[in-house]
Amino acid sequence: MKSSFPFRAVAAALALTGTAGLVSSCKDFLDVEPVALNTTAYVFSTVAGATTAVIGAYDPLSGDNGYGQRVSLYYSVDTDEMIGSPGAPDGQRRSIARYKALSTNTEITNPWNQLYQGVERANICIQQIPQMALYTSGSAADTAALHRLHGEALTLRAQYFFELIRNWGDVPAQFTPSVSGQDFNLPNADRNETLTRLIADLAQAQKLVPWRSAAGTANERITKGAVKALRARLALYRGGYSLKGAQMVRPTDYQEYYRIARQECAELMARPTEHRLNPSFQEVFKSINEQRAEAANEILFQVGAGGSNSVSDSKLGYYNGPRLQNASSAYGSTQGAMVIAPTYFYAFDSTDTRLPVTIATYGMASTSTFFSGVALNVVADGKFRRDWHIPLVTGSSNYLGYNWPLIRFSDVVLMFAEAENELNGPTQAAREALLQVRTRAFGTAAKAAAGLNLASKESFFNALVNERYLEFGGEGIRKYDLIRWNLFATRMNEVKADIEKLARAQAPYQNVPQYMYFKTPAAGPVQWTRSFYRPSPTPNAAPAGTVRVNWRQAIDAAYLANLRPAGTSFTLGTTTAASTGAGLAAEYVPGQGKELLPIPQSTLASDPALVQNSGY
């Protein structure tokens with residue numbers, strides 16, 4: 001997304017700060033090599049130089065190895081909502097999605113290195129900026145600018161470490177720039193100790209950065225709302241469950257961190273002129289696809305993308321979203337590699353306005369210029385769509401300039417509800433927060449509250465777990481929520497059992513149609529001719545002027561077999577199929593520690609103090 005802040009204009013910030021490029025070992029990713037003519041002292045002698053350095057610290061957020069693809073779309077699946085690139089484990093992205101990742105996988109090694117590159121760049125800025133004479137004795141404008149830059153660097157470091165922790169667990173944690181001759185044999189640092197340090201850093205950072213309304217021209221730079229929201233998120237993770245070996249454990253002081261999360265969210269919710277829920281759920285995502293701001297400023301923290309390259313742009317809307325196969329059409333082509341867990345469609349009420357935004361039930365064939373309906377087994381996620389791009393982009397370009405939303409205001413509201421319920425039970429404040437998000441989805445408070453059980457702490461928590469399931473589909477949040485709640489294994493077993501119930505037309509899926517029908521493809525949106533919530537007619541041949549596609553019929557013996565490890569088999573009716581391990585979390589087995597990724601083998605080879613994660 002273009003903005004007045006030139007996030008991609010100064011890629012040379014890496015050289016200016018004297019840090020190394022992408023590398024492949026624990027020593028290397030922290031090592032410093034002087035690669036520029038300008039010295040660090042020179043760079044940090046002016047506000048302009050410090051700004052350039054902080055832009056360089058933002059830069060590793062984006063690109064293929066950042067939130068442009070791998071961190072956002074590869075690492076966050078498979079879950080009970082989204083399935084990443086169906087297919088048997090291949091040593092690459094499919095192995096990650098199927099929970100059979102390899103420590104030699106470059107799609108693990110390269111993002112690991114890039115995240116640590118971000119840590120190193122932030123460390124340099126955090127050390128150098130407060131030492132600048134202008135930081136304390138410059139003009140008011142210079143001092144304010146440098147304080148803001150310092151706060152941004154602290155926040156960026158927290159985000160990079162947070163991503164490392166939630167994917168790899170106890171990772172090396174260095175909070176100063178690397179220097180020649182230091183001991184690079186860094187051990188695994190306890191995640192809770194690292195998170196505690198980062199939460200304290202963010203308390204400092206929020207005092208240094210302005211609120212959005214005082215930050216000048218709108219862009220992707222971090223402001224106070226982003227810092228407070230990130231601090232709340234880290235606090236809930238600090239207070240949640242995590243893997244120790246192959247066991248899920250929770251710290252005894254967890255309520256202390258729930259109190260931090262509650263306070264940060266309450267302070268944000270008290271400033272609706274800064275950030276609030278957009279009245280339209282669709283508008284939040286249309287604004288991303290149309291590359292413009294949205295009036296409510298619901299997105300507090302986002303990763304800027306642009307430049308049409310693997311380093312600074314994103315593949316959102318190309319790698320995921322509806323599968324469009326005709327590069328010659330007005331919309332261009334996509335991979336459409338992300339699909340939904342079929343039961344996720346039916347997790348939504350039919351009147352929930354989030355359903356048609358989160359889930360896209362259409363695609364485009366390679367020989368057509370019109371949209372067509374698709375079978376249930378290939379229904380895609382829908383928040384990032386090439387056909388929503390303005391202006392339309394033809395051809396097969398991979399990069400569309402879509403920003404990745406890291407935190408939305410609805411997350412703040414639901415984090416408040418969760419923390420309030422955990423600390424005080426389902427108070428009026430907790431209920432109002434949860435219903436605020438649901439009212440946006442359903443249009444009225446009465447519809448939002450219908451059938452909802454919020455009477456007890458347990459029932460409120462269950463409602464909260466489900467609400468986050470519906471609100472954040474495809475945004476890379478669900479997997480990590482389930483882990484911090486110690487619900488991942490339970491929910492993965494449940495979703496596979498539910499998919500089998502759907503295939504057998506058992507309650508609550510007894511009315512799911514075997515087939516669906518849409519009008520013969522023509523210009524405009526797909527027009528389905530029957531309800532998704534009523535059984536197919538008998539006979540079930542397509543009426544004149546319509547096309548029939550498999551719906552429940554698509555969830556067959558082969559689909560169910562592939563939910564299980566390769567080499568096993570499954571029988572549905574009279575059909576028995578063998579698994580190739582190609583389906584949703586096929587190789588996941590509870591208790592093996594595979595919720596975390598393996599630490600890259602190249603890092604382990606160069607750092608004998610570092611221990612591989614359990615199960616690898």
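## Briefing: helix packing, strand pairing and buried sites

The crossing of helices α10 and α12 is left-handed. This is a predicted model. Helix α13 is largely enclosed by the rest of the structure, because seven of its nine residues are buried. Strand β4 is also largely enclosed, since five of its five residues are buried.

**Helices α10 and α12**

- Helix α10 covers residues 191-208, and helix α12 covers residues 254-269.
- Their axes come within 13 Å and cross at roughly 25°. That angle is under 35 degrees, so α10 is roughly parallel to α12.
- From α10, the residues in the contact are Thr196, Ile199 and Gln206. They meet Tyr257, Ile260, Glu264 and Glu267 of α12.
- This contact of α10 with α12 comprises three nonpolar, two polar and two charged residues.

**Helices α4 and α7**

- Helix α4 spans residues 47-58, and helix α7 spans residues 106-128.
- The two axes come within 8 Å, with a crossing angle of roughly 155°. An angle over 145 counts as roughly antiparallel, and α4 and α7 are therefore roughly antiparallel to each other.
- The crossing of α4 and α7 is left-handed.
- On the α4 side, Ala53, Val54, Gly56 and Ala57 take part in the contact. On the α7 side, their partners are Arg121, Ala122 and Cys125.
- Five residues of the contact of α4 with α7 are nonpolar, one is polar and one is charged.

**Helix α13 and its surroundings**

- Helix α13 runs over residues 281-289. Its buried residues are Phe281, Val284, Phe285, Lys286, Ser287, Ile288 and Asn289.
- These buried residues pack against two strands, β4 (299-303) and β10 (404-408). They also pack against helices α15 (355-358), α17 (428-442) and α19 (457-471).
- Just after α13, Gln291 has a positive phi of about 55°.

**Strands β4 and β10**

- β4 and β10 pair in the antiparallel sense, over four bridges.
- Ile299 has Arg408 in β10 as its bridge partner.
- Both strands are among the elements against which the buried residues of α13 pack.

**Ser410 in helix α16**

- Ser410 lies in helix α16, which covers residues 409-424.
- Its relative accessible area is 0%. Buried means under 20%, so Ser410 is buried.
- Beyond its neighbours within four places in sequence, Ser410 contacts Leu277, Glu298, Val437, Arg440, Glu471 and Phe472.
- Ala449 is 39 residues from Ser410 along the chain, and their C-alpha atoms are separated by 17 Å.

- Strand β13 covers residues 569-572, and strand β14 covers residues 575-578.
- The two strands pair in the antiparallel sense over four bridges.
- Side chains alternate along β13. Phe570 and Leu572 point to one face and are buried.
- Thr571 stands opposite Thr576 of β14. Ser569 has Ala578 as its bridge partner in β14.
- Two residues lie between the strands of the hairpin. In this hairpin, Gly573 takes a positive phi near 65°.

Terms used: Residues numbered from 1 in each chain as written. Predicted model: local features only at pLDDT ≥ 70, side-chain atom pairs only at ≥ 80, totals over all residues. Heavy atoms only, no water. Buried < 20%, exposed > 50% of the residue type's maximum accessible area, 1.4 Å probe, protein only. Contact = heavy atoms within 4.5 Å. Axes fitted to C-alpha atoms, helices over the stretch in contact; angles between N-to-C directions. Parallel < 35°, antiparallel > 145°, perpendicular 65-115°, else oblique. Left-handed = near helix turned anticlockwise from the far one by under 90°. Nonpolar A, V, L, I, M, F, W, Y, C, P; charged D, E, K, R; others polar. Pairing = 2+ DSSP bridges.
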